[in-house]
Amino acid sequence: MRSQTFLRYLLLGGVLLFLGVFLLLPIGTVLGVGCDLQLIAELFRNRIYVEGLWNSFAIAVCTTGMVFVISLGLALLYDRYDFPGRSFANTALLIPMVLPPFVGALGFKQLLGYHGVLNALLGHLGFAPVDFLSGSGVFWAVCFIEALHLFPICYLNLVTALGNIDPAMTEAAANLGASPWQRFLKVRLPLMRSGILAGCSITLIWSFTELGTPLMFGFTRTTAVQVFNGLTELESNPIPYALVVIMLAVSALLYLIAKMALKGSPAASGGKGIVNAGSTTLHSWRKFLPGTAFGVVTFLAGLPHIALICCAFSTRYSGTVLPENFTFENFQLALSNALVLPSIANSLKYSLLAMFIACAAGLLVALAAVRWRLKGSGIADLLAMLPLAVPGVVFAFGFLGMSVKFSWASLLFDPVNNPVWLLSIAYAVRRIPYVVRAVSSGLEQTPEELENAARNFGAGPFRTLVKVTLPLVTANLIVGGLFAFSFSMLEVSDSLILAQKQEFFPITKALYELSQILGYGTGAASAFGVWAMFFLGATLCAGALLLGKKIGAVFKF
Amino acid sequence: MAEVSIEKLTKSYDGTVKVLDGVDLHINQGELVFLLGPSGCGKSTLLRILAGLVSADSGSIFFDGRDIISLPPEKRRAAMVFQNYALWPHLNVFENVAFGLRMDKVPRKEIEKRVMGSLEQVQMEKFIHSAVTQLSGGQQQRVALARALAVEPAVLLLDEPLSNLDANLRDTMRREIKRICTERKLTTLYVTHDRREALSMADRAGVMHNGKLAQIGTPDEIYNHPADGFTARFLGDVNLLPCGGGIRPERLKISEEQGKLRARLLERSFFGDSCEWLFELPGTGKVLVRELGAPVRSIGKEYFLDYDEAFLIPAPESGNEK
């Protein structure tokens, strides 16, 4: 028994060491340079940086507002009504997640650009063209595209929260005379609080620190883009470090507020004996209304992707509603470009490594916290979830700083000459929360008595783990791994900042570089984006099939 | 089958809440011993310590004279039937029952034979290749029992195995378990809070209270001669008499002519084969009388109640109040 406990503590120690070195040290490195009061004061004296911070915050608030409205409406429809194509509609909502929003931005520019689809349509109707993406139009375009990309995360949280509400709660309210509106306001909404907070805080932090979308729209006055642009003059100008510290502080504050609010959240489920109240079936034409709402949102969310596909398959897509001249040329151009094929191989290599690292670390953290209940496992669990609250830009900067500051780090991951481990570990650290939550949720739903029974029938601790525990949480581990893999494949911040030589570019950096090439760049980048989109789509569908409704647990604190 | 000795077993949680407080218990080879007690009295903890799933703070456990307290669960050969059965949903019936035999590295032919034998004993051989998730509660309970029987354990541990079954199935399973334990001469420790289950099946039964074994004996001994008021009250209804003693409701006789007590009839509860009468004693409260059949009596009328002093038992702090 003693050696078994020792081994468990040894494993936990290993994970804590890993998280300490590759999670806390990068953050510490950024703080070490950026936590300079003079530097921060200088930052706040500079109108451009203050405007950047304000814009980032405004984007975060507006995006979260849009996300909340869209996802609450859809979650209520899904929970309440049974309608034709209900489960398909639920899966189709994941479509917006199949591309990082900055690739969606490519498609969106195709729709709303001066020579885009909407203006072509207006022209056909006899109206003068409007420059949708000038002035504040860019701001709203960034918010809109981020909202369309992020709302599924909030939606999944809300659907899970609604599913956990004991129907007896609302029935009791109805029994005491509450109207449907009062039942929603007084019972369901308060009981959904944990789901709302979890979904909205992830959206808020994500959109506050988003780099790719404003970058693609050329909206440079946001903190993340200012940090990215400051990379080239990092040695002479340490302001980006201070900007990253501010981003970290704001994100940490948002995370803490959400955590504190979650603490007082009431338990919605009634535990044993809950009977699902079932959904209401609508009749005649009304039965198509919920599905139509899902269809409209999915269509809107899918529009940038459709535009991207159109762009990828046409020789010219400018000033017309539909693309002209169907062609595979862009795909040929994309594949023949020296950037593309190596970037696919690179991304596969980095992402597979990241997946294995994230799965190993995530599984150990979940086991230590949920099953072994070791002292210190709470810290490991908290640390493992930290990446959800820390912007990707912060980590990327931290790793960059580490490679300069520590000689062992520059040996292990040299961003110029050998960034394989650098990118793999950077990807992995940021994907550990998905694995931890997926596996923890599996372990929590699996009665511990099943493992006790295995021990009781002669299996040692290792055989119990292999024969009982792991098979029972395999689906969860696969889903966590799939998420880790697919999100690593299309990771933006680390890729744009850490991959510095063309031969080491991952897909996203190659996509960005490709899109900047004048002439055939947009078409080739679109073709490359289409490939990436289907790749991530297939992964998410596999995840949704494996985990069903529980998929929302992956995006929880 | 082993002989089990438990000596001075203690267990506390957080160093303050004492769950077991120096428990001594001896179970003879092939004996079916029940542990009874209210929730939180420590009976399930005792069972889990025997299985090695919870560690004791101090004390010893001997199987056939060998101290097994420091052995891990997988080395104890104390097969347990869990309250929620704990059947592995990713394994079918055969694989569930064969699990312990595989761990024991039993040859394949032997595994097949023993799994079939165990399933036949619980009349589940038809379901050998079924998924456990497709079985009813009663069927799952039988598979859990077969799994425990297949490993031919030194001690069989049963943790409220019938609590999730409906009343009819519970009666059937009681008889099945009793038959199997007797036929196979299994040394068995059975934990329950159902006194009828314990009294009807046990060779001996112990009542636990506040982490201690308050009394252990045959069902007749503990029911008719309880050591204290708690045991008396836990095993059945007890009336507090004016003399300070207690008596079971079925030991009181109702008469219209004579008796030791005079009481006014307040209420009648009819159960088909029997009847319960609630009387009020002047000054000392209410008493319950249980009779077979259902004779005609008048509510509000005064009757005499009589009893044999040989049946007096320790009275709980409060008598039988309804």
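# Reading a predicted model

User: Why is Asn210(B) called partly exposed?

Analyst: Asn210(B) has 15 other C-beta atoms within 10 Å. A residue is buried if 20 or more other C-beta atoms lie within 10 Å of its own, exposed if 12 or fewer, and partly exposed in between, with C-beta atoms placed from the backbone. The value for Asn210(B) falls in between, so the residue is partly exposed. Residues are numbered from 1 along each chain as its sequence is written, while chains are lettered from A and ligands numbered from 1 in the order in which they are written.

User: What makes the phi of Asn210(B) worth noting?

Analyst: Asn210(B) has a positive phi of about 50° although it is not a glycine. Most residues other than glycine have a negative phi. Asn210(B) lies in the loop between strands S9 and S10 (212-217) of chain B; helices (H or I, at least four residues) and strands (E, at least two) are DSSP runs, numbered from the N terminus.

User: Why does Lys185(B) count as exposed?

Analyst: Lys185(B) has 12 C-beta neighbours inside 10 Å, and therefore counts as exposed. Its place is in the loop between helix H5 (167-183) and strand S8 (188-192) of chain B. Lys185(B) is also a residue other than glycine with a positive phi, near 50°.

User: What makes Ala202(B) buried?

Analyst: Ala202(B) has 24 C-beta neighbours inside 10 Å, which means that it counts as buried. Ala202(B) lies in the loop between helix H6 (195-201) and strand S9 (204-209) of chain B. Leaving aside neighbours within four places in sequence, it is in contact (C-beta atoms, placed from the backbone, within 7 Å) with Leu32(B), Val33(B), Phe34(B) and Pro219(B).

User: Why are S2 and S5 of chain B said to stand at the edges of their sheet?

Analyst: Four strands form an open sheet in the order S2-S1-S4-S5 (chain B), with antiparallel pairing. Strand S2 (17-27) and strand S5 (66-67) each have a single partner strand, so one side of each is left without a neighbour in the sheet. Within the sheet, five bridges join S1 (residues 4-13) to S4 (residues 58-63), and Glu7(B) has Ser60(B) as its bridge partner in S4(B).

User: Why is H21(A) described as largely enclosed?

Analyst: Seven of the eight residues of H21(A) are buried, so the rest of the structure largely encloses this helix. The buried residues include Leu450(A), Ala453(A) and Arg455(A). Their cover includes H22 of chain A together with helix H1 (43-51) and strand S6 (78-81) of chain B.

User: Which elements of chain A give two or more residues to the side that touches chain B?

Analyst: The contact takes 15 residues from chain A and 18 residues from chain B. The elements concerned on the side of chain A are helix H21 (449-456) and helix H22 (461-489). H21(A) gives the most, with six residues.

User: What makes a set of residues a nonpolar core, and how many residues has the largest one?

Analyst: A nonpolar core is a set of buried Ala, Val, Leu, Ile, Met, Phe, Trp, Tyr and Cys residues joined through C-beta atoms within 7 Å. The largest has 166 residues; Val244(A), Ala358(A) and Ala426(A) are among those with the most contacts inside it. Helix H16 (residues 340-372) of chain A supplies its largest share, 16 residues. Apart from it lies another core of 96 residues, among them Val19(B) and Ile222(B).

User: What is the confidence in chain B?

Analyst: The mean pLDDT of chain B is 90, and 98% of its residues reach 70 or more. For the complex, the predictor gives an ipTM of 0.76 and a pTM of 0.74.

Key: This is a predicted model: local features need pLDDT of at least 70, side-chain atom pairs count only at pLDDT 80 or more; totals for chains, interfaces and linings use all residues. Two residues are in contact if their C-beta atoms, placed from the backbone, lie within 7 Å. Two strands pair if DSSP finds at least two bridges between them. pLDDT is the predictor's confidence in each residue, from 0 to 100.
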